[in-house]
Amino acid sequence: MERPLTQHITFPPLEIRQYEAIGGYQAVRKAVRHMQPKDVTALVKESNMKGRGGAGFSTGMKWSFVPMDVPGPKYLVANADEMEPGTFKDRWLLEGNPHQLLEGMIVAAYAIQATEAFVFLRWAYKDAAVAIRKAIAEAYDAGYLGKDILGTGYSLEMHLHTGVGRYMCGEETALLNSLEGKRATPRAKPPFPQVSGLFGKPTIVNNVETLSFIPHIINKGAEWFKSLSRTADGGTKIYGVSGRVRKPGAWELPMGVTMRELIEEYAGGMKEGYGFRGVLPGGASTDFLIDKHMDIQLDFAGVAAAGSRLGTGTMVVLDDQTCPVGFVHNLEHFFAQESCGFCTPCREGLPWTEKLLWAIEQGRGREEDLELLLRHTEWLGPGNTFCALAPGAMEPLQSALKYFRDDFERHIREHRCPYHDPEPAIPASVHLHHTHHL
Amino acid sequence: MLSMTEKEKIEDEIKQVPIKKAACIEALKIVQEHRRWVSDESIRDVADILDMSPEEVDSVATFYNLIFRQPVGRHIILLCDSISCYVMGLKGIHAELTGLLGIQYGQTTADGRFTLLPNPCLGTCDHAPALMVDNDLYRDLHPAALADILEKYT
Amino acid sequence: MTIYIDNKPYEVKPGSNLLEAVLQQGMNLPYFCWHPALGSVGACRQCAVKVFKDEDDKTGRLVMGCMEPVKDNLRLSVEDPGAKAFREQVIGWLMTNHPHDCAVCDEGGSCHLQDMTVMTGHTCRHYRFSKRTYENQDLGPFLNHEMNRCIQCYRCVRFYKDYAGGKDLNVFAAHNHVYFGRCENGTLESEFSGNLAEVCPTGVFTDKTLKSHYTRKWDMTWAPSVCQGCSLGCNTSAGERYGSLRQIANRYNGEVNGYFLCDRGRYGYEFVNSDQRILQPAIRPHSNGTVNKAHIVDQVAQRVKNGRTIGIGSPRASLESNFALKLLVGEDNFFLGVSGSDQDHASLALKILREGPARTPSLQEAGEADAVLILGEDLTNTAPMLALAVRQAVRRKPEADAMGQIHLSDWQDAAVREAVQDKHGPLFIFHTVPTKLDELAEDVRRGAPEHLARLGFAVAKALGADIDPVTHLSAEENALAEKIAASLMAAERPLIIGGYGSGCDHMMKAAANVAWALQQKGHNPMLSLTLPEVNSLGLEMLGGHRLDTAIDVLRQGEADTVIVLENDLYRRADAHLIDEIFLHAQDVILIDHLYNRTAEKATVLLPAGTFAEADGTVVNNEGRAQRFYQVFVPKGDVQESWRWCLQIAEKAQVRSLNGMHNLDDIDWAITTAMPSLAQLQHLAPHADFRINGQRIPREPHRYSGRTAMLANENVSELKPAEDVDTPLSFTMEGYRGEPPSPLIPFFWSPGWNSVQSVNKYQQEIGGHLHGGDPGIRLLEPHLNGGPKYFHEVPDTFVPVPGHVHIMPLYHIFGSEELSMYTHGIAKNAADYCCLYLNPDDIARWNITPGDWVTVEMDHHTCRLVATPNHWMPHGLAGVTAGMPHSPVVDLPVLAKMRVSD
Ligand SMILES: Cc1cc2nc3c(=O)[nH]c(=O)nc-3n(C[C@H](O)[C@H](O)[C@H](O)COP(=O)(O)O)c2cc1C
Ligand code: SF4
Ligand code: FES
């Protein structure tokens, strides 16, 4: 089984000479020397590469929206903010093979004729920061970055930007605001970043996994990429499993492995004494799948057909001894805290759902609360809120209300959590801001 | 007053961006690196350098949860409170930790050694539960291991 | 283009958004974060509607009306149950944290949030948890802050920061902790802060002066008014209860102030309630205000009849009052009560606008300019709303560029700002000291006013004006002049601004030359000239002799009686000159409302109505005549100045005023006497105007307590006063519909109690009021024949050894007479009154900064604090004009200095 993305992952990662020795930076050489930018984009489009950041949008298509004839700077950003709870795939790539990401970024930047590129890295990834900083310096020294790359006349500057917290920074337009030194609130689309992004200039934002794949597509072609997959969505994918399984971890597997393979083979099945109740297939903002979905193929269409989203492809398993209400409450607490506070439904609706869930979990729930929760899952749906954060937050909730309704009702009926003793209140919000504002 | 080093570092950041304001977050990070937190005075100093008003700078500073606008301890403990850690025993870790430190989230120990903060997913879910102390990540935690970890930080 | 709203076709303006389109049709759709002047950001999610692909689409898609452009044949539904339920829920969310304090909230009854809550039908609370609470801040004398009421619509920061360029208000924190305020307690710095009270849809920012004598909107008696603060004539609504003026609110005028006012205008009204008001007529030394009114009118009439009386008019009095005085004393005996320099400026401005070929823009048009040159003005302090217009103007060019590149509409506020970044269109500012607009300018030039005027002449020359070349300019200055000329030539709507703000009339001349030269090149330049007072231009149009000649007349014994109209003469000329008036005249009769230094010395006092107690017309710097209306019937014998004149004239049997009894009569007389003012006939409906036989009520129909409010004095309800001058009534009875635009006392529409109801009065959202905006332009450019350029290039400024030249500097608060009666304004005014000197000069004169310095002029001395200002050129000093302790009234002047003991 080919594992193009992860086969060369080492800790510490390969230095540039080692990376070159295994064929590294060939894609940069090939692209900038022998391909027209539009041909690079066309190749990526042909490969049917779908973005690995969660939304699954065609990468080549996205690049093709960049207007090529406008003067002035253009930007490429690698989204390495990875803050979706349950997600730990990009960290692996960042810490284990930063040059692969850089190479993908250089090719992508060349395709859109970007003048500057940024890695937007979340604060907590300290080792990744060290690795990337080093890799960037090496790439400059080797002539893959900077002025007149490989004597082709194409120039690209690259920077590492480390964030200062906030899940919102992962949302691409909020990320751009943050890169501009502003509050990470999202922007309205249209205009899309491809047209008006960083500093109002054409900008592409791609996920780390997406970009890390680009060198391989350039080197081996679209057909090869498609052949890696078991389904129409090409390539391999990094899948991960966490929760009470025997062997939590992440694996690069052909796109379209089944959930059963992943959980039972790779993750070794449930831990001794724990049963399987459900799983968030692609991070905190995806709908639960349950045992009846065990045999679905994990690609964008397959998971969607089962009523969820592939998302980041890193799963969180809900076992039979964890309270589903507490589980969802934990998620909604996260989302409520991470709302940027810009639009009403998200800012006010999420804390409300969190409080309802907390009340239910504490045995203070009322019958009508379920109705309110359900209504919120509709009201905070896509299009109703300014960005995708709140709709994402509603996915686990709506599916939990569907699949684990009994648990919710039992909490309300019995005025207690059937799974565990009441716990001390999680503080509503902890911040080290100046206090006079609240 | 910002130190010469802080000023120089901020000036360097300004050179990297098309407009001065865009260096705002970097400047705050630099100040925090040197002082552990960002005081009102520092907000004003940063504002001066960047031709911004203190309000503009503080608006940015208070948005991000890892810019500290209150004094913090010598070491910052970020306890992951997201879903995988929740499933894998966050509650026990939290109880042990707050017991050992004698503080709750958002507080600093009386000796100024630790500040305890909750933190969203640390991206190491396959090794949950996890926490970070300063730049060090601790994974596959067990309550019993916590005392030894804290020992390392003076 | 056509769109379908709930299956009915409507014609809508291309380029607008669905929310605008729906409101445009007179339909209701709730919103918060959108504001017609601020555009859309899509934050509140209140304006949700359903959009359908085609007739067969029954599901539709929920969209935010404010974020969705209109498209031909687009189908949308406002009434869709899903959309309605969502809109109701948005209120539900906002209410989770909003306090239940409507009963004690200043916004109650004029609250956009209340209106929208009712509109969505949200009547029941489902949220059962506790609310978060904030601490409030002390934001200074003008605004109250109550953060718990915030619904996080972001309008405040978008207005304050993005629109008005304020720096010290922002949004802090994140998620449902977001907080709108300052870093710490302190007075808001922006001169436009008061607009927050209207921009904020709820009671977070409320008018603190209103709070000090609080009355609900529905309990006030309102009249359409015109701001008395400066020469721009912004439209206001003034509200009264219990005989005191409670509030000044913005009165939308699509040509003038639009949605906003400056803080001088909004808060400078407290003089009306001042305990310094003259309420009773008095004759000195015999009476102390207790003399019978008829008797005094007799006495004055006697004097007018028997002796020779001269009249001194005023730029803060209406056309009608000035005209009535002029007729009362006779044309030859009418003098303009303004300082020499003010008179020079006003007459020069009138000449330029009347005889020259450049058009003077409305404020609204000024905001559309795409290149601006400001000559010698600190607009924020001399014509504040024009500064706000310039702030919008500098966005035009980069906005147009961005919108050309990226497909955007101008209402997509955040996207347009992102595309524009910090780019500004061309703005050039010449002024001696820094101004707040400098931050937007491409080039700023400082120096002595004469020097800057020379540079202005050079720009005109570079544009091909038929004037002599300006000599002795540096190569850099010549290059700048060329650059500015090129910039103005490249613009489609260049705007040149000059005025009185440097005390140097060459500035206006330079401005005129530049504009005229542009006009000769086939461009359509706009020329805006600031003037000091609300009716400076109107007074000049009426015409009269200079004030100093009045003193000559008295000196020579050619007159014995002086009638002074609404004027503190001691603000018009040096005290020793004004003293002479009192010395030589037998009687000085003052018709005014405030007990000032002139009143102290006058022998007869006649209490005049302020703008709130009188009707009248003023002419702004654009030459726009505008009517202000009496708000309430004043106490005592207070009445319109022109009415005093009419009553005196009747007794004195002055024929020219024969048979005149009301406002219409005087206006008729003005228009027949003065062809240039003939248009006044059409300014506003006459007193006999009725709709369905009804007057226009000044009071909202919910006005409460009228049978009870004076019960402590008199249990029988008094007969309401009658208005013989206007079609407005002093009661709540009358026509309930929309009045003609000049007569709108307050904006209200069913379901819309807040100022947002103005949408219902506009031809299109953000456009003109139905039937046209109030006011009539009296001046249009003279396009026949070439311009008569000003040829005399000023000499360079040369310091006079042993002297300083003192020029006026202006401050929005305090440089003008009336606003100083507002406590919050007066409190800080002392801070602004300094003597600004170049640090080198300070050293040269052996002064220590901060010292009290005695300034010696021809006839008197004064003491001021020496304040270093390294922008002041050598030999020049600046003094904040008009402050209580500013001694020098007719600036500029030459003086000597010494350190006070
Ligand atoms: C609230 C929110 C958080 C997100 N966080 C991330 C993230 O951490 N990393 C990421 O790559 N994409 C994240 N996304 C998706 C990005 O907006 C964007 O779609 C993605 O970076 C595009 O990359 P791709 O085209 O390669 O998938 C987030 C989206 C939302 C709405
Ligand atoms: S203070 Fe008022 S204007 Fe500002 S966000 Fe809150 S409700 Fe909106
Ligand atoms: S008015 Fe449309 S979203 Fe706020």
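Predicted model: local features only at pLDDT ≥ 70, side-chain atom pairs only at ≥ 80, totals over all residues.
Between chain A and chain B, 19 residue pairs are in polar contact, both residues of each pair being at pLDDT 80 or more.

**Chain A with chain B**

- The contact brings 60 residues of chain A together with 49 residues of chain B, and the area buried between these two chains is about 4,500 Å², with carbon and sulfur atoms giving 61% of that area.
- Although polar contacts are found here, the count of salt bridges across the interface of chain A and chain B is zero.
- On the side of chain A that touches chain B, at least two residues each are supplied by strand 3 (157-162), helix 8 (172-179), strand 5 (236-242), strand 6 (249-254), strand 8 (314-319) and helix 12 of chain A.
- Helix 12 of chain A provides the largest share of that side, namely seven residues.
- Sorted by class, the side of chain A that touches chain B consists of 24 nonpolar, 21 polar and 15 charged residues.

**Chain A with chain C**

- Chain A gives 50 residues to this contact and chain C gives 48 residues, while the buried area between the two is about 3,900 Å², of which 58% comes from carbon and sulfur atoms.
- Three salt bridges are found across the interface of chain A and chain C, and one salt bridge joins the side chains of Glu418(C) and Arg187(A), at 3.1 Å from N to O.
- The interface of chain A and chain C also holds 20 residue pairs in polar contact, with both residues at pLDDT 80 or more.
- Helix 12 (324-338), helix 13 (344-361) and helix 14 (367-379) of chain A are the elements that give two or more residues to the side of chain A that touches chain C.
- Of these, helix 13 of chain A accounts for the largest share of that side, with ten residues.
- The residues on the side of chain A that touches chain C fall into 20 nonpolar, 19 polar and eleven charged.

**Salt bridges**

- Side chains of opposite charge can pair when their charged atoms come close.
- Over all chains, the count comes to 96 salt bridges.
- Within chain C, the side chains of Lys208(C) and Asp138(C) form a salt bridge, at 3.5 Å from N to O.
- That pair links distant parts of the chain, 70 residues apart, with Lys208(C) lying in helix 6 (residues 208-211) of chain C and Asp138(C) in the loop between helix 3 (112-120) and strand 6 (143-145) of chain C.

**Helix packing in chain C**

- Helix 19 (residues 547-555) and helix 20 (residues 575-584) of chain C pack at an angle of about 35°, their axes being 9 Å apart, and the crossing of these two helices is left-handed.
- Helix 19 of chain C contributes Ile551(C), Leu554(C) and Arg555(C) to the contact, and helix 20 of chain C contributes Leu577(C), Glu580(C), Ile581(C) and His584(C).
- The residues of this contact comprise four nonpolar, one polar and two charged.

**Helix packing in chain A**

- Helix 14 of chain A and helix 16 (residues 405-414) of chain A cross at roughly 140°, and their axes come within 9 Å.
- From helix 14 of chain A, Glu367(A), Leu370(A) and Leu373(A) meet Arg405(A), Phe408(A), Glu409(A) and Ile412(A) of helix 16 of chain A.
- By class, the residues of the contact between helix 14 and helix 16 of chain A are four nonpolar, no polar and three charged.

Notes. Residues numbered from 1 in each chain as written. Chains lettered and ligands numbered in written order. Heavy atoms only, no water. Axes fitted to C-alpha atoms, helices over the stretch in contact; angles between N-to-C directions. Helix = DSSP H or I, 4+ residues; strand = E, 2+ residues; numbered from the N terminus. Left-handed = near helix turned anticlockwise from the far one by under 90°. Contact = heavy atoms within 4.5 Å. Nonpolar A, V, L, I, M, F, W, Y, C, P; charged D, E, K, R; others polar. Buried area = accessible area lost by both parts, 1.4 Å probe. Salt bridge = Lys/Arg side-chain N within 4 Å of Asp/Glu carboxyl O. Polar contact = N/O pair within 3.5 Å; in protein donor to acceptor, adjacent residues only side chain to side chain.
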